[in-house]
Amino acid sequence: MSSVATQQLETGAKGFVKDWESDKQTFHVPWGKAMMWIFLLSDTFIFSCFLVGYMNVRMSTRVEWPPVSEIFSLSLGGAPIPLLLIAIMTFVLITSSGTMAMAVNMGYRRDRAKTAALMFITAAFGAIFVGMQAFEWSKLIIEEGIRPWGNEFGAPQFGSFFFMITGFHGIHVSIGVIYLAVVALKVLRGDYEKKGYEIVEITGLYWHFVDLVWVFIFAFFYLW
Amino acid sequence: MAEGQEHPLSVYFWIWGLLFIISAFSYAVDYFQFQGMLRWSLILIFMFLKAGLIVAIFMHMVWERMALAMAIIGPPVVLLFLIGLMAIEGDYTESTRFEYFGADAGVYAEPHSLAASEEHH
């Protein structure tokens, strides 16, 4: 842990140089937080590789890309509304990001009950998201007959990229739900009373990252 | 040890609201079927706004020290090179496909779509 309080350090460019000077601790944050950020950085590259691969394929294919807006439409009794399910999923994830931010705040106020409750709510929204994704996948596989190797709507690569990208994101959300539940239980049990509640912020970083990735998937895969 | 990132709740509520509004806007881009340059630029603007707000406020990057911020935000910048290179490559692949498969894209697509439709009908 840093012996120098962050407040006494210089800020801005001068602080940047000072922090990287020799024989010094560079990051004045708990090590868990620095490690989470570095993990998220590597995850950024993984998702970027998927999305860049998708871009490359979509640029080079000679066949029309399937009409995404129509494929992902959902009808509530009446005419199909384009991208409705995806829009709801987006709002569910943003809502969960908000409750997560609240949880971090309550954690630093050492309000264990509220912190755990908000984390469980966040996890519940995450579970709802995964459930909706399962519904979307089964609709695509069973009703629309989309396969990783082909479909009736256009470019055959559509399926492989859809299942790969949304599947990888869905796994991240599922792991996040478990991670949140575990940390929330430990908060409730009072495991962090001595250590402090940075862990809630670190868990929050992971959760916000999942939301962040969805922003890019939503823009490039569903809207483009 | 100093406690971590603690900020007034009102900040989060503001950003939360903004994220909802921006998401609604980007959904509207599709709902009202904007096309062409307007569509792409709106999608990108809303995307970067949302991503920026999440990283800056929800992930507290604006309040972190520069050493950490640069270590995390700097490396992804090289992705621009990857995107650029892959865009050039994608263009080239498309041009070779034009050259070898001709202008009629449907001929090239036929085997795949046939295989897919045979399977579940």
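Here are a few questions and answers on this predicted model.

Trainee: Which kinds of element make up chain B, helices or strands?

Mentor: Count both kinds and you get 0 strands in chain B. From the N terminus on, its elements run α-α-α-α-α.

Trainee: Why does the end-to-end distance of H2 in chain B agree with its residue count?
Mentor: H2 of chain B covers residues 36–58, which is 23 residues. At 1.5 Å a residue, that should span 33 Å. The distance agrees because the end C-alpha atoms are 32 Å apart.

Trainee: What covers the buried residues of H2(B)?
Mentor: Start with who is buried: B:Ile43, B:Phe46, B:Lys50, B:Ile54, B:Val55, B:Ile57 and B:Phe58. An α-helix has 3.6 residues a turn, so residues three or four places apart point the same way. The cover on those buried residues comes from both chains, and includes helix H1 (9–31) of chain B together with H4 and H7 of chain A.

Trainee: Which residue just after H2(B) takes a positive phi?
Mentor: Look just past the end of H2(B), where phi is about 65°. The residue there is B:His60.

Trainee: How many residues of chain A are in contact with chain B?
Mentor: On the chain B side, 54 residues take part. In chain A, helices H1 (12–19), H2 (31–60), H4 (84–108) and H7 (198–223) each give two or more residues to the side that touches chain B. That side divides into 29 nonpolar, 19 polar and 7 charged residues, and the count for chain A is 55.

Technical notes. Residues are numbered from 1 along each chain as its sequence is written. Chains are lettered from A and ligands numbered from 1 in the order in which they are written. This is a predicted model: local features need pLDDT of at least 70, side-chain atom pairs count only at pLDDT 80 or more; totals for chains, interfaces and linings use all residues. Two residues are in contact if their C-beta atoms, placed from the backbone, lie within 7 Å. Helices (H or I, at least four residues) and strands (E, at least two) are DSSP runs, numbered from the N terminus. Ala, Val, Leu, Ile, Met, Phe, Trp, Tyr, Cys and Pro count as nonpolar, Asp, Glu, Lys and Arg as charged, and the others, Gly among them, as polar. The expected span of a helix is 1.5 Å times one less than its number of residues. A residue is buried if 20 or more other C-beta atoms lie within 10 Å of its own, exposed if 12 or fewer, and partly exposed in between; C-beta atoms are placed from the backbone.
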